[in-house]
Amino acid sequence: RGYRALTQGLAAVAAGDGAEAQKHARKADQLLSEPGLTLLLSAQAAQLNGDRDGANRAFTAMLDDEQMAFLGLRGLIGQALREADQAKALAYAERAFRLRPQTPWVVHSLFDMQAQTGDWKSAQATLDSGVRRKVVAADKGRTLKALLLVERSRNAERDGNAGDALALAREAFGLAPERIAVTRRLAELQIKTGEPKRAMKTLERGWAVAPHPDLARLYLDAAGESEALKKVGVVRRLAEKNPTDIESHIALAQASVEAGLWGEARRHLETAGGTTPTARVCRLMADVEEHAHSDPARVRDWLGRAANAPSDRSWRCSSCGAHHESWRSVCESCGAFGTLQWRAPGTFGQVLPPEERLALEAAAQQ
């Protein structure tokens, strides 16, 4: 009778009938001498009925049963997250990780929580454990570790440890030169520490696998060139590392506009835009028309096209699709770590398969 009540209660949970589930849970609790199973049913029934306190009591009671403790912790983590109590959810996740460090959802949940709270060292320890146990794929672990090192480098710089900041940035770049944030971090520090030539080499390697406007601006800073015409030559050296990418043509077009080379700017923009130029290309074309010909009609035409043009590349979260104005390690929308990529809508961004990344990196070093 007790097991029948338990079975009927679980069926009621599956059907979403909280009242029926609670009725069978009480009956099973009276008839069975195995409180762990009935506690799970009671907790699920309470959740269906919106009884948060009842669910918490049942999940907490499960912690006293060695065989049910892990399930109790999972339930308590879910309850804490629903109540937006991040500190409590993190504490439960740490206990669950100590019980079963090989369980994928535990590793991923704990890692995300540690990253969301900015505990980069603990997040790295969790990630390393996940990679060792093959819960996290080696290539994914490599890129996530690189981004954690970027954040640790920032912390070190804020704490006044310039040497540690640079060492961490170098380690990150050695792991994932295809991540724009990693390249940018190392180049910024190399410029600050008076190593502009090293910064330019870093940016050239990064541009070969993942171009971005910020990298072009840093390259010009590292070059230290003030004359507009000479800046075109500087940008050309960078663009040669990835000559077919749209960012190379746009960077050259912008440098040409500043130097007054209207024909050169138009040529690069036409190549970058193709038959369906993006909004950024259209706006640059409007600048060219305004300065080259002072033709208001053409300027209005390009600005009108910009309003309806395809979206440009931007920082988008590969987990939830949220748009961000600038890169950050944790998505502000969904809380995922390391998911922001520089990409156009509907594309996969700059994260390359390992074999393609290695081939491009080798080419950049030649």
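Arginine 313 counts as partly exposed, because its relative accessibility is 25%, and on this scale buried means under 20% relative accessible area, exposed means over 50%, and partly exposed is in between, with a 1.4 Å probe and protein chains only. This is a predicted model, in which local features need pLDDT of at least 70 and side-chain atom pairs count only at pLDDT 80 or more, while totals for chains, interfaces and linings use all residues. Residues are numbered from 1 along each chain as its sequence is written, and side-chain values use heavy atoms, with hydrogens and water left out.

Let me stay with arginine 313 for a moment. Its side chain meets that of glutamate 247 in a salt bridge at 3.7 Å, N to O, where a salt bridge is a side-chain nitrogen of Lys or Arg within 4 Å of a carboxyl oxygen of Asp or Glu. Glutamate 247 lies in helix H15 and arginine 313 in the loop between helix H18 (296–308) and S1, so the pair ties together parts that are 66 residues apart in sequence; helices (H or I, at least four residues) and strands (E, at least two) are DSSP runs, numbered from the N terminus.

Glutamate 247 is buried, with a relative accessible area of 2%, and its side chain also meets that of arginine 280 in a salt bridge, at 2.8 Å, N to O. This second pair links helix H15 (residues 246–259) with helix H17 (residues 279–292), across 33 residues, and arginine 280 is buried as well, at 15%.

What about another pair, arginine 266 and glutamate 289? They form a salt bridge whose closest N and O atoms are 3.5 Å apart, linking helix H16 (residues 262–273) to helix H17, and both residues are buried. Salt bridges that share partners, meanwhile, join Asp245, Glu247, Arg280, Asp312 and Arg313 into one network.

Alanine 344 itself lies in the loop between strand S3 (340–343) and helix H19 (354–365).

That brings us to the sheet, which is open and antiparallel, with three strands in the order S2-S1-S3; two strands pair if DSSP finds at least two bridges between them. Strand S1 (residues 314–317) and S2 pair over two bridges, and arginine 316 stands opposite histidine 323 in S2.
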